[in-house]
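Hi everyone, thanks for coming. Have a look at the screen, and I'll talk you through what I found.

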Amino acid sequence: MKRIVDIYRKHQPNQVLWTYIVNLGGDGSHPSIEDFRQEGLTLAAIDCRASLEELDTAVHLEILR
């Protein structure tokens with residue numbers, strides 16, 4: 001299942017900094033919205049975008065195919 005995860009700074013929730021397309025659940029599992037949020041934050045950390053304490057996420061509910 002693919003979902004769009006927007007990354008933004010906690011003190012600027014109206015300004016999207018980065019967007020990731022996160023693909024989870026390919027193994028037959030049923031990931032939650034929180035799983036997508038955590039994966040988005042993990043990707044932001046890997047990309048050295050900013051301190052994780054500064055960032056938050058918003059997950060789009062529509063499913064991408």
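Let's start with a question: which residues does L55 touch, if we don't count residues up to four places away in sequence? The answer is I7, Y8, R9, K10, L17, W18, L41, A44 and A50. Before I go on, please keep in mind that this is a predicted model.

L55 also belongs to the largest nonpolar core, which has 11 residues. Besides L55, the members are V5, I7, W18, Y20, V22, L24, F36, L41, A44 and V59. Where do they come from? The elements that give two or more residues to this core are β1, at 2-9, β2, at 16-23, α1, at 33-46, and β3. In soluble globular proteins, nonpolar side chains tend to be buried together.

Now, how many aromatic pairs would you guess are here? By the rule used, the count is zero. One ring does have a charge over it, though: the charged end of R3 sits over the ring of F36, at 5.6 Å from its centre. And F36, remember, is one of the core residues.

Next stop, T57. You'll find T57 in strand β3, which covers residues 55-59. Is T57 buried or exposed? T57 has a relative accessible area of 6%, and because the cut-off for buried is under 20%, T57 counts as buried. Setting aside residues up to four places away in sequence, T57 touches V5, D6, I7, Y8, R37 and L41. With one of these, R37, there is a polar contact, side chain to side chain, at 2.9 Å.

How many salt bridges does the structure hold? There are three.

Let me take E54 and R9 to begin with. These two form a salt bridge, and their closest N and O atoms are 2.6 Å apart. The pair links distant parts of the chain: E54 is in the loop between α1 and β3, R9 is in strand β1, and 45 residues separate them. Both partners are partly exposed, with a relative accessible area of 35% for E54 and 23% for R9.

Then we have E34 and R37, whose side chains meet in a salt bridge at 3.1 Å, N to O. Both of these lie in helix α1, three residues apart, and that's about one turn of the helix. E34 is partly exposed, with a relative accessible area of 37%.

R37 also forms a salt bridge with D56, where the closest N and O atoms are 2.3 Å apart. Here again distant parts of the chain are linked, with R37 in helix α1 and D56 in strand β3, 19 residues apart.

Okay, on to the loops. The loop between β1 and β2 is the place of Q12 and of P13. Q12 is partly exposed at 31% relative accessible area, and P13 is partly exposed at 47%. What about distances? Q12 and D56 are 44 residues apart in sequence, with their C-alpha atoms 9.6 Å apart in space. P13 and I46 are 33 residues apart in sequence, and there the C-alpha to C-alpha distance is 21 Å.

Over in the loop between α1 and β3 we find E53. So why is E53 called exposed? Because its relative accessible area is 62%, and exposed means over 50%. The side chain of E53 has a polar contact of 2.4 Å with the side chain of S51. From E53 to K2 is 51 residues along the chain, and their C-alpha atoms are separated by 25 Å.

N23 and E34 are 11 residues apart in sequence, and their C-alpha atoms are 13 Å apart in space.

How values were computed
Residues numbered from 1 in each chain as written. Predicted model: local features only at pLDDT ≥ 70, side-chain atom pairs only at ≥ 80, totals over all residues. Heavy atoms only, no water. Helix = DSSP H or I, 4+ residues; strand = E, 2+ residues; numbered from the N terminus. Buried < 20%, exposed > 50% of the residue type's maximum accessible area, 1.4 Å probe, protein only. Polar contact = N/O pair within 3.5 Å; in protein donor to acceptor, adjacent residues only side chain to side chain. Contact = heavy atoms within 4.5 Å. Core = buried A, V, L, I, M, F, W, Y, C linked by side-chain atoms within 4.5 Å. Phe/Tyr/Trp six-rings, centres within 6.5 Å; stacked < 30°, edge-to-face > 60°. Lys NZ or Arg CZ within 6 Å of the ring centre and 35° of its normal. Salt bridge = Lys/Arg side-chain N within 4 Å of Asp/Glu carboxyl O.
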